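Thanks for coming. I have one structure for today, and I will go through it element by element.

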Amino acid sequence: MNHGDRPLSASIDVTVPSVARMYDFLLGGKDSYPADQQACAQLLEQVPSTKALAVNNRRFLQRVVRTLAAEYGVRQFIDHGSGLPTRDNVHQVAQRVDPSSRVVYIDNDPIVLAHGRALLEENTSTAVIHADMRDTDGIFDHPDTRRLIDLSQPVAALFVSVLHCIPDDDDPAGLVRRVASRLVPGSFLVVCQLVSPDPAVREFVTEFMRESTQGRWGRVREESDVHAFLEGMDIVRPGLVEVSTWRPDSDVAPRQETDEWTEFGGVARIQ
């Protein structure tokens, strides 16, 4: 699918920072290149909480998947903008609850496709699809989605720390609604994105990431924008919050030491 004038690419350009590889670097992974590492270093100079934010976001993803699988009986997950596979990814968390759980990962980064398929090639209950997450029709019509996901049963659609990669012109709220319209009652949407109350932080990070990634970026938003993504939906407790406070595993769960920006979001149930 082609959004604007940027079609999906099967080649890997290691000279241009990738959001997926930058995130992997911040999580302590090994699948980044000097361009990604340099971009992270520059980002950390201006917004020093970035590494803690990435770690807390990953832990939020793991808690959400475990909660939906264990407490709500969800056995199907579609992870939009999944990024590079790391320890305790969605399928590992869900399949510990029930080995029959099925997961479809979506990403437009070719390195994610290569690493993901290598990791999951012996797990017949998972698939990695090379697609733009805005291509809802293509994703839901893909043979792997049709093979793994039964749309007559509840599904959890994940948009974890990815909507800030979508420009306003591409209507991220509309994307969330399109996906919701495909899912039966009892399904769930998981949404979080980077937000800041500080206009200067929003402007700096937005412009820095847009320039660094050569336009593969949307913007840092405000909490009100995230509320708008899920407007009219049934928000699961504790509501839309800074993600480290979403059902933490303990009272001493890690918190960001600075809050110039945060990951903000939560879970909505489709009625």
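Strand β8, residues 234-235, pairs with β10 in the antiparallel sense, over two bridges. This is a predicted model, to say that at the start. In that pairing, Asp234 has Arg269 of β10 as its bridge partner.

How many of the eight residues of β10 are buried? Seven are, so β10, which spans residues 262-269, is largely enclosed by the rest of the structure.

Now back to β8 and β9, and the loop between them. Pro238 is located in that loop. The peptide bond that joins Arg237 and Pro238 is cis, with omega at about 10°. If you are setting up torsion checks on your own screen, that is the bond to look at.

β6 and β7 pair in the parallel sense, over five bridges. Leu158 has Val190 of β7 as its bridge partner. β6 also pairs with strand β3, residues 76-80: three bridges join them, and the two strands run parallel. Phe77 is the residue opposite Ala156 of β6 in that pairing.

How much of β6 is covered? Five of its five residues are buried.

Asp171 is found between β6, residues 156-160, and α8, residues 172-182. Its phi is near 55°, a positive value in a residue other than glycine. Is Asp171 buried or partly exposed? Asp171 is partly exposed, at a relative accessible area of 35%.

There is another residue of this kind. Gln214 is not a glycine either, and its phi is positive, about 55°. The loop that holds Gln214 runs between α9, residues 199-212, and α10, residues 223-229. Gln214 is partly exposed, with a relative accessible area of 45%.

Two packed helices are described by the angle between their axes and the distance between the axes. For α1, residues 19-26, and α2, residues 34-46, the axes come within 9 Å and cross at roughly 70°. That makes α1 roughly perpendicular to α2. The crossing in which α1 passes α2 is right-handed.

Which residues make the contact? On the α1 side they are Arg21, Met22, Phe25 and Leu26. On the α2 side they are Asp36, Gln37, Ala39, Cys40, Leu43 and Leu44. By type, the residues of this contact divide into seven nonpolar, one polar and two charged.

α1 itself is mostly covered, with six of its eight residues buried. The buried ones are Ala20, Arg21, Met22, Tyr23, Asp24 and Leu26. So the list of buried residues in α1 includes Arg21 and Asp24, because both fall under 20% relative accessible area. After α1 comes Gly28, and its phi is positive, near 90°.

A last item, on Asp141. Asp141 lies in helix α6, residues 136-141. Asp141 is partly exposed, with a relative accessible area of 41%. How far apart are Asp141 and Leu230 in sequence and in space? They are 89 residues apart in sequence and 24 Å apart in space, taken C-alpha to C-alpha.

For the helices, keep the right-handed crossing of α1 and α2.

Conventions:
Residues numbered from 1 in each chain as written. Predicted model: local features only at pLDDT ≥ 70, side-chain atom pairs only at ≥ 80, totals over all residues. Heavy atoms only, no water. Axes fitted to C-alpha atoms, helices over the stretch in contact; angles between N-to-C directions. Helix = DSSP H or I, 4+ residues; strand = E, 2+ residues; numbered from the N terminus. Parallel < 35°, antiparallel > 145°, perpendicular 65-115°, else oblique. Left-handed = near helix turned anticlockwise from the far one by under 90°. Contact = heavy atoms within 4.5 Å. Nonpolar A, V, L, I, M, F, W, Y, C, P; charged D, E, K, R; others polar. Buried < 20%, exposed > 50% of the residue type's maximum accessible area, 1.4 Å probe, protein only. Pairing = 2+ DSSP bridges.
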